[in-house]
Each structure stands twice: as C-alpha cells, then as structure tokens.
Amino acid sequence: MKRLDAPPYASINLYDESVAGLGDELLKKKFLHNRPTVVEAYGRFDESSQTKTWCDLPRAAHGNPEAIVLGSLLKGELVSLYDEGVVKSKGKPRNMYDQIKLGAHDECPYCGGMGEMGEVGELGTADHFLPKAYFPTYAVLPLNLVPACQVCNKGMGGSFPTDENSQPLHPYLDEDHFFLEKWTSASVRNEDPLVVDFEVKSPASWPEKDRQRVTAHFKACKLEARYRSRAWTELTPLISQRKSTLRIFSSEQFREHLLVIANEPNLPINGWKRTLYSALAASQWFCEADFA
Ligand SMILES: [Zn+2]
C-alpha cells in the first residue's frame, strides 16, 4: 500500500548479469541460447502489467524441477539462477538485488511499513510477486522482486490467486488510486479496554475488481489483526499523555492534535497510523473522554 519506484534496471539486466556470473560454461550457453525466449516472456509480463492480470500468465506445476518451462530451460535451472546466481552471488547480481531491497527505504510496501524489514543493518527480504515455485520464468525479473517484511512475505506465501480480483497490490505497477486514495477505515469502540476496529472501505466509484483486490490484499497481509495490535501499543502511551501533559487541551484542541499526527505528510494514506489517528480524531467520545 505504499507505492515504490520500479527498480532502475531493464527487464533483462538481472538475467544477463546472473548468467554472466555462472561458472558452468555449458549451462551459461544454454541460458544465452534461450535469451530471446526469455525476452519474449518478459514482454508478456509487461502486457499483463498494463491490464493488471498477472494471474493469467502461464504457471508451472508445483515441484518438478526437471520440467521444461521456457524454451529449453528447466524449472530448476531458472529457480537456481535466482538462488545461486543472484542471492548467493558476490558480484553485480547481488548488488542489484540489494539495491532493489533498498528501494523500500526500510518500509514494507505491502503493509505500509508495519512489519520489521530485518535486523538493524540488514536489508530484509525480497518477495517474488509471482512466486518462483509457479512462475520460474520471472524468478530474476526485477519487476517481480519486491522488498517486503517477513510477515507480508509469508502471508503472500508461495501461491498466487488464479482469480484476478484476488491479486495482491503490486507496489511498482499497480493503479495509482490504490496508493493515493483512502480505502482503509477504523472505528473506536467505546469499551474498557479501548478497542479500535480496522476494515476496508474502498471508494464506491472504483471498479468492482479493484474493490475486491484491496479486500484480498488486506486479508493476505493480515492487516486487520496487525493494525489492531499496533493500535493497542500506540493507545497506551497516548492515553497516558492525555492524562498528563495533554490534560490542558480542550476536546477540540486534542482533536486538532490527533489530526496533525494523522496528516503527517510522510505517512502512507492507508497505513495503520494515519487510519488510526483519523479514526481517533473523528471519535467524539475519544476526544471528550476523561481518562483520569
Ligand atoms: Zn509488510
């Protein structure tokens, strides 16, 4: 839910660099021989990106590394070009891979920066938008590599929906309105302890496909539960501030204070923080509550 700039590489760059780094000359020849077929397949990915229907691209069967999936290339060869030729490379392919991960600026684009990208000093994980287990053709396509937190990476899992309405959002390639318009909402439950519920509320003007896609994305990334639990840890210090330093604020001033936080320009529009603070500011009960 955070737009990312596409990696600054031509589609075939990472393929070329990882093939160039192969020690096995026969295998290298085979990859070079199949290059035109790979370029064609990457062209089909670009066409799918126009219509946002990646789910229709040809799938390989689960397992079966010996299956021929593209030209004369085996599934296992393509997957290992990524595992060995990119991730374990010590040269240019690995640098490109790290550069792709750095593009997230430490915030996972799928959840809008909820999840840990890795330990301090680490670069986190890269998710194959189209999983390499089913789409080995795109294992080293830069546009198919998206930096992601561990939770989203796991949540998306090794599968990809066959129904176009269930496809997750693509941070480089998807429609602008997913990243610029509000489609998450929250409501404050006047209960003790306080509970904030999060849900999807997409604009009625959107095509049905896009409305279904944000719902599917919200679910795949487990955002309802993750937002709720994040809200919980945010509310405890906020309420204790309201009881102490913010006590001098009238309910109207407190609402203003919440709105300033909600509207911090760097926050993703559908991220947990903006959604939470907008809901708190909109709750008359919360703004007027005497937490003493
Ligand atoms: Zn995430």
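In the predicted model, the C-alpha centres of domain 1 and domain 2 are separated by 35 Å. Domain 1 covers residues 13-156 and domain 2 covers residues 177-288. The contact involves 14 residues of domain 1 and twelve residues of domain 2. About 980 Å² is buried between domain 1 and domain 2, and carbon and sulfur atoms account for 60% of this area. Zero salt bridges are counted between domain 1 and domain 2.

The secondary structure of the chain consists of twelve helices and six strands. The C-alpha trace spans about 75 × 40 × 30 Å along its principal axes. The chain has 292 residues, of which 49% count as buried. When contacts between residues at least 6 apart in sequence are considered, 69% of them join residues at least 24 apart.

A zinc ion is present in the model, coordinated at 2.3 Å by the SG atoms of Cys 108, Cys 111, Cys 149 and Cys 152. Along the chain, the donors follow the spacing C-x2-C-x37-C-x2-C. Cys 111 is located in the loop between α5 (92-102) and β3 (125-128), whereas Cys 152 belongs to helix α6 (residues 150-156), so this pair ties together parts of the chain that are 41 residues apart in sequence. The arrangement around the zinc ion is tetrahedral because the four donor atoms subtend angles of 103 to 114 degrees, and four donors are classed in this way if all angles lie between 85 and 135 degrees. Cys 111 has a relative accessible area of 0% and is buried. Cys 152 also counts as buried, at 0% relative accessibility.

The count of salt bridges comes to 18. One of them is formed by Lys 2 and Glu 107, whose closest N and O atoms are 3.4 Å apart. Glu 107, at 30% relative accessibility, is partly exposed.

Another salt bridge joins the side chains of Glu 224 and Arg 228, with an N to O distance of 3.6 Å. Both residues are part of helix α9, where they are four residues apart, or about one turn of the helix. Glu 224 is partly exposed, with a relative accessible area of 40%, and Arg 228 is partly exposed at 33%.

Helix α9 (residues 223-243) also includes Lys 243. Lys 243 counts as partly exposed, its relative accessibility being 41%. The C-alpha atoms of Lys 243 and Asp 290 are 8.1 Å apart, although the two residues are 47 positions apart along the chain. When neighbours within four places in sequence are set aside, Lys 243 is in contact with Phe 291 and Ala 292.

Asp 290 takes part in a salt bridge with Arg 247, the side chains meeting at 3.8 Å from N to O. Arg 247 is found in the loop between α9 and α10 (251-262), and Asp 290 in the segment after α12 (284-288), so the pair ties together parts that are 43 residues apart in sequence. Arg 247 is partly exposed, at 46% relative accessibility. Asp 290 has a relative accessibility of 59% and counts as exposed, because this class begins over 50%.

Key
Residues are numbered from 1 along each chain as its sequence is written. This is a predicted model: local features need pLDDT of at least 70, side-chain atom pairs count only at pLDDT 80 or more; totals for chains, interfaces and linings use all residues. Side-chain values use heavy atoms; hydrogens and water are left out. Donors are N, O and S atoms within 2.8 Å of the metal (3.2 Å for Na, K and Ca); water is not among the atoms, so sites may look incomplete. Four donors count as tetrahedral if all angles lie between 85 and 135 degrees; four count as square planar and six as octahedral if opposite donors are over 155 degrees apart and all others between 65 and 115; anything else is irregular. Helices (H or I, at least four residues) and strands (E, at least two) are DSSP runs, numbered from the N terminus. Buried means under 20% relative accessible area, exposed over 50%, partly exposed in between (1.4 Å probe, protein chains only). Domain bounds come from an automatic or database domain assignment. Contact means heavy atoms within 4.5 Å. Buried area is the accessible area (1.4 Å probe) that two parts lose on being put together, summed over both. A salt bridge is a side-chain nitrogen of Lys or Arg within 4 Å of a carboxyl oxygen of Asp or Glu.
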